[in-house]
Amino acid sequence: MRATLRQAGRATVHLTVAAAVAFGTYLFITVLLITAIGTVAVIGAWLLPETVLLVRRIAGAKRRLTTAWTGREIPEAYQIIDGPLTERLRTAVRDPGTLTDLRWMAAYYVYGALLLLALPLWPVGLVVDGVGCGLLGRRAVVLPWISRLADREADWSTSLLRPSPKALLAARVERLTATRADAIAAHGAELRRIERDLHDGTQARLVALSMRIGLAKRAYDHDPGAARRFLDDAQEQAEQALTELRHVVRGIHPPILTDRGLVGAVRALAAGAGLRVTVDVAGLEEDGPRAPAAVEAAAYFVVAEALTNAARHSGSPTASVRIARMRRGLRVEVADQGHGGAREASGSGLLGMRRRVAALDGSVLMSSPAGGPTVIEVELPCVW
């Protein structure tokens with residue numbers, strides 16, 4: 001009986017909040033009428049985009065309320081209303097999400113007041129179920145109907161607020177357009193970095209090497225000792241040029257990924273991170289199936305960047321890396337117990353990490369409250 005009462009109480013609270021939202025939509029009819037009249041009269045056309053934004057906020061509040069009851073998130077798929085008035089009007093009218101929200105609001109005028117059906121069930125349920133459960137040991141039959149009403153209200157809201165396939169496709173295209181732009185920008189920045197490293201480092205070493213060899217050739221006949229010194233300097237310059245070339249190549253695609261795979265490469269990163277790093281691998285083996293090369297490279301750079309940031313900024317002597325194979329992707333988590341406070345705008349490389357992952361249609365979640373810990377979770381979709 002106690003569990004039934006608690007569930008009925010939760011359902012009543014849900015229906016009460018839902019009724020409050022419905023009452024707000026009743027009052028919102030005035031705004032809709034003013035907007036319709038103003039739009040028809042042209043002089044009030046600027047009200048239309050603002051009204052659509054208000055409708056979105058109301059629908060968003062209802063989505064969060066329904067998610068809290070069902071535990072299933074209802075996605076949003078809206079086009080951004082921005083720019084000149086004509087563009088804002090065009091977006092507000094053509095966005096499929098506008099029709100979805102208005103259809104839900106119209107239906108909510110009817111089913112939003114299910115609380116009126118739930119309230120009379122309480123006195124009846126307390127008597128009937130109190131006697132049946134307390135004295136006769138039977139199951140409750142009246143109070144569960146309050147939960148069923150809340151479930152029905154949430155089901156209707158979920159069905160009406162779920163974006164249409166057209167809206168989801170439009171949001172998907174918009175997101176891919178943004179990630180493509182970020183990928184192009186990141187690619188351009190990477191090319192400029194490689195060009196700068198080659199020009200300022202390797203090219204300078206090779207020029208110095210050529211000069212040393214030329215001086216050695218000139219001094220070979222009349223001063224063999226000087227020629228030997230020039231050749232020694234040339235050998236040193238050649239070794240430094242090779243070292244810098246290896247550094248540039250590792251920035252493009254680390255050879256260790258090709259040789260040892262992601263697991264071996266991450267273990268090597270952990271060994272040289274300057275921290276005590278634990279590596280936990282789930283579902284992956286060094287000699288087992290491997291993710292695509294682009295996914296492995298993105299995961300490797302995420303771990304490398306996160307461990308570098310932890311060593312430089314976190315103040316923590318330890319860190320942990322977890323790599324897990326999912327059914328349709330790869331999950332990477334890097335955590336440290338430092339003082340937290342990491343921000344993308346602080347020049348820590350987190351923005352570049354997010355762009356690299358977004359280019360593969362992945363996701364990045366970072367939690368770094370003041371006082372720590374810092375946890376970076378990355379999911380990269382792929383086919384095994």
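Q: Why does Arg90 count as partly exposed?
A: Arg90 has a relative accessibility of 37%, and the word partly exposed covers values between buried (under 20% relative accessible area) and exposed (over 50%), found with a 1.4 Å probe and protein chains only. Arg90 is therefore placed in the class in between. This is a predicted model, in which local features need pLDDT of at least 70 and side-chain atom pairs count only at pLDDT 80 or more, while totals for chains, interfaces and linings use all residues. Residues are numbered from 1 along each chain as its sequence is written, and side-chain values use heavy atoms, with hydrogens and water left out.

Q: What makes the pair Glu87 and Arg90 a salt bridge?
A: A salt bridge needs a side-chain nitrogen of Lys or Arg within 4 Å of a carboxyl oxygen of Asp or Glu. For Glu87 and Arg90 the N to O distance is 2.7 Å, so the pair meets that condition. Both residues belong to helix α3 (residues 85-94), where being 3 residues apart separates them by about one helical turn. In general, an α-helix has 3.6 residues a turn, so residues three or four places apart point the same way. Helices here are DSSP runs (H or I, at least four residues), as strands are (E, at least two), and they are numbered from the N terminus.

Q: How do you know that Lys62 and Glu153 are buried or exposed?
A: Lys62 has a relative accessible area of 0%, and Glu153 likewise has 0%, so each of them is called buried. Because Lys62 lies in helix α2 and Glu153 in helix α7 (residues 144-161), the pair ties together parts that are 91 residues apart in sequence.

Q: What makes the span of α2 close to the expected one?
A: The expected span of a helix is 1.5 Å times one less than its number of residues. With 24 residues, α2 reaches 34 Å from its first C-alpha to its last, which is close to the expected 34 Å. After α2 comes Gly71, whose phi is positive, near 80 degrees.

Q: How do you know which residues Thr51 touches?
A: Contact means heavy atoms within 4.5 Å. Leaving out residues up to four places away in sequence, Thr51 touches Phe28, Val31, Leu32 and Thr35. Thr51 itself is in helix α2 (residues 47-70) and is called buried because its relative accessible area is 5%.

Q: Why is Val127 called exposed?
A: Val127, in helix α6 (residues 121-134), has 53% relative accessibility and therefore counts as exposed.
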